[in-house]
Amino acid sequence: MNEQAHGWIRLIIIPLINLVLAFFVSGLVVLMIGENPFRALQILLTGALGSSYGIGYTLYYATSFTFTGLAVAIAFHASLFNIGGEGQAGVAGIGVAVVCLSVVGNTHWVLVFPLAICGAGLAGAAWAAIPAYLQATRGSHVVITTIMFNFIASALLVYLLVNVLKVEGSMSPESRKFGETARLPFMHDIMGGIGIPLARTPLNLSFLLALVCTVLTWVLIWRTRLGYEIRAFGQSESAAVYAGISPVRITMAAMLLSGGMAGMMALNTVMGEANRLVLDAVQGAGFVGIAVALIGRSHPVGVLLAAILFGMLYQGGAELAFEMPAISREMIVVIQALVILFTGALENLVRFPVEGLLRRFERRAR
């Protein structure tokens with residue numbers, strides 16, 4: 001069996017087996033609390049994919065998770081663990097808000113959108129730049145510094161929303177609403193304009209941007225010189241240095257790209273759904289992105305599929321908690337944790353037996 005086939009088995013077959021095991025154990029948990037696991041699975045899938053309403057919310061969540069998952073994956077390829085996606089996306093929301101609040105007159109969203117992309121990307125990259133510089137030049141561990149910067153970002157956001165951006169006379173820590181021309185169009189409006197009716201959901205144009213970013217990330221990592229240097233540095237820093245690759249340059253480049261990608265998430269929630277800057281615009285998507293990158297094996301296609309999976313768990317889980325009161329919201333978190341456990345931490349539980357079976361088949365075929 002050639003190397004390409006081995007790669008597809010590692011990226012597709014093994015994660016699928018791990019996913020089946022995760023849902024099997026989740027079914028046992030549901031059975032233990034006295035509910036039918038098959039009915040629970042049916043409700044979850046129907047709630048996530050059974051209607052245009054469910055699909056819209058599933059893809060809305062998946063959009064955020066795709067951006068943050070790609071951000072973590074880019075850093076992973078350089079052997080950097082960026083846990084700062086939550087803070088980077090939060091600060092990027094400030095960048096998006098500054099752009100959208102600055103729009104005057106009837107400036108069309110087509111002109112505002114590129115500026116908002118720049119605002120989100122530059123703000124996210126800037127927030128990742130300091131941990132990257134400390135890692136590259138001072139040896140400060142990027143895991144510790146990015147975690148610390150999540151808290152600093154949270155404090156900065158609270159300060160700005162309470163003291164600077166809050167609407168005068170309002171008690172809510174949020175900015176004023178953006179103008180209608182500074183809002184991303186919803187997908188139900190876009191599809192309705194061409195005669196395809198969809199239920200009203202927060203799914204907006206940033207979903208298409210997430211698909212574009214997935215392709216661009218693949219091109220970056222596997223079709224550019226910088227991507228090759230990032231992967232080489234991630235595989236062996238000493239060999240990369242011997243080949244003339246600068247650790248400082250690669251660390252800075254990987255983290256800036258990672259932070260900028262995490263910042264794209266703000267377009268979905270701030271410019272798309274809320275149409276204003278609110279206190280909890282990120283909603284934990286920065287941390288979910290870590291799990292998405294792990295499950296997707298840091299491959300852009302895998303990240304996209306994992307993001308859709310978590311979008312299904314979020315939307316289907318909400319429907320499941322409504323239809324089956326015995327299955328609380330906390331139980332959905334347990335199911336998500338089991339998926340992460342089996343597809344991430346317990347990967348070798350399946351990988352070693354499958355690889356051993358493949359080697360036996362190869363020996364017999366010779």
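Buried residues account for 49% of the 366 residues in the chain, where buried stands for under 20% relative accessible area, exposed for over 50% and partly exposed for anything in between (1.4 Å probe, protein chains only). The model is a predicted one, so local features need pLDDT of at least 70 and side-chain atom pairs count only at pLDDT 80 or more, while totals for chains, interfaces and linings use all residues. Numbering runs from 1 along each chain as its sequence is written, and side-chain values rest on heavy atoms, with hydrogens and water left out.

As for the fold, there are 16 helices and 0 strands in the chain; both are DSSP runs numbered from the N terminus (helices H or I, at least four residues; strands E, at least two). Along the principal axes, the C-alpha atoms fill a box of roughly 75 × 60 × 40 Å.

Salt bridges (a side-chain nitrogen of Lys or Arg within 4 Å of a carboxyl oxygen of Asp or Glu) number 3 in the whole structure. One of them pairs E174 with R276, with 3.3 Å between the closest N and O atoms. E174 sits in the loop between α6 (142-163) and α7 (187-193), and R276 in the loop between α12 (265-274) and α13 (285-295), so this pair ties together parts 102 residues apart in sequence. Both partners are partly exposed, E174 at 24% and R276 at 22%.

E229 turns up in a salt bridge with R225 at 3.4 Å, N to O; the two are 4 residues apart in helix α9 (residues 225-235), or about one helical turn. E229 is buried at 7% relative accessibility, whereas R225 is exposed at 68%. E229 also meets R249, here at 2.6 Å, N to O. Since R249 belongs to helix α11 (residues 247-263) and E229 to α9, that contact ties together parts 20 residues apart in sequence. R249 is partly exposed at 40%, and shared partners join R225, E229 and R249 into one network.

Finally, R363 lies in helix α16 (residues 347-365) and is exposed, with a relative accessible area of 52%.
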